[in-house]
Amino acid sequence: QVQLVESGGGLVQPGGSLRLSCAASGFTLDYYAIGWFRQAPGKEREGLSCISVSNVNLYYSDSVKGRFTISRDKSKNTVYLQMNSLKPEDTAVYYCATGRQLCVNRQEEYNYWGQGTQVTVSS
């Protein structure tokens, strides 16, 4: 009964903020690196951010660096992606996924994926 569920998406205006949640059941997220990804219509899936086991490494893609922040809440078995200064080009379905212990730049290394949450940035 391993499950990973994203939530927190929605419609926001440019410059607005959202906090996405990646909640796990059936396993402990602290044992895995967790990555955030997104896919917009007609585009390939893009890696955005990763947090390693024990939070020893954090990764942000150039497209979100300085605007997005990844974090863990152990008590809630949840990883968050705080998204600020949102732009229309951030519109996509956002996914979280489990990696191994360290963050890697290969999407094929991420095994368990959530169903995604839609983020739409529009005025």
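This is a predicted model: local features need pLDDT of at least 70, side-chain atom pairs count only at pLDDT 80 or more; totals for chains, interfaces and linings use all residues.
A disulfide is a pair of cysteine sulfur atoms within 2.5 Å, and by that rule this model has 2 of them. Residues are numbered from 1 along each chain as its sequence is written, and side-chain values use heavy atoms, with hydrogens and water left out.

**View 1. Cys22 meets Cys96.** Their sulfurs sit 2.1 Å apart. The link ties strand β3 (residues 18–25) to strand β9, across 74 residues; strands (E, at least two residues) are DSSP runs, numbered from the N terminus.

**View 2. Cys50 meets Cys103.** Here, too, the sulfur atoms are 2.1 Å apart. Cys50 belongs to strand β5 (residues 46–51), while Cys103 lies in the loop between β9 and β10, 53 residues away. This link is left-handed, at -90°. Cys50 is buried at 2%, whereas Cys103 is partly exposed at 23%. Count the bonded cysteines in sequence order and the pairing reads 1-3, 2-4.

**View 3. Strand β11 and its partners.** Strand β2 (residues 10–12) pairs with β11 in the parallel sense over 3 bridges, and β9 runs antiparallel to β11, also with 3 bridges; pairing takes at least two DSSP bridges. Look for Val12 opposite Val121, and Val93 opposite Gln118.

Conventions:
Helices (H or I, at least four residues) and strands (E, at least two) are DSSP runs, numbered from the N terminus. Buried means under 20% relative accessible area, exposed over 50%, partly exposed in between (1.4 Å probe, protein chains only).
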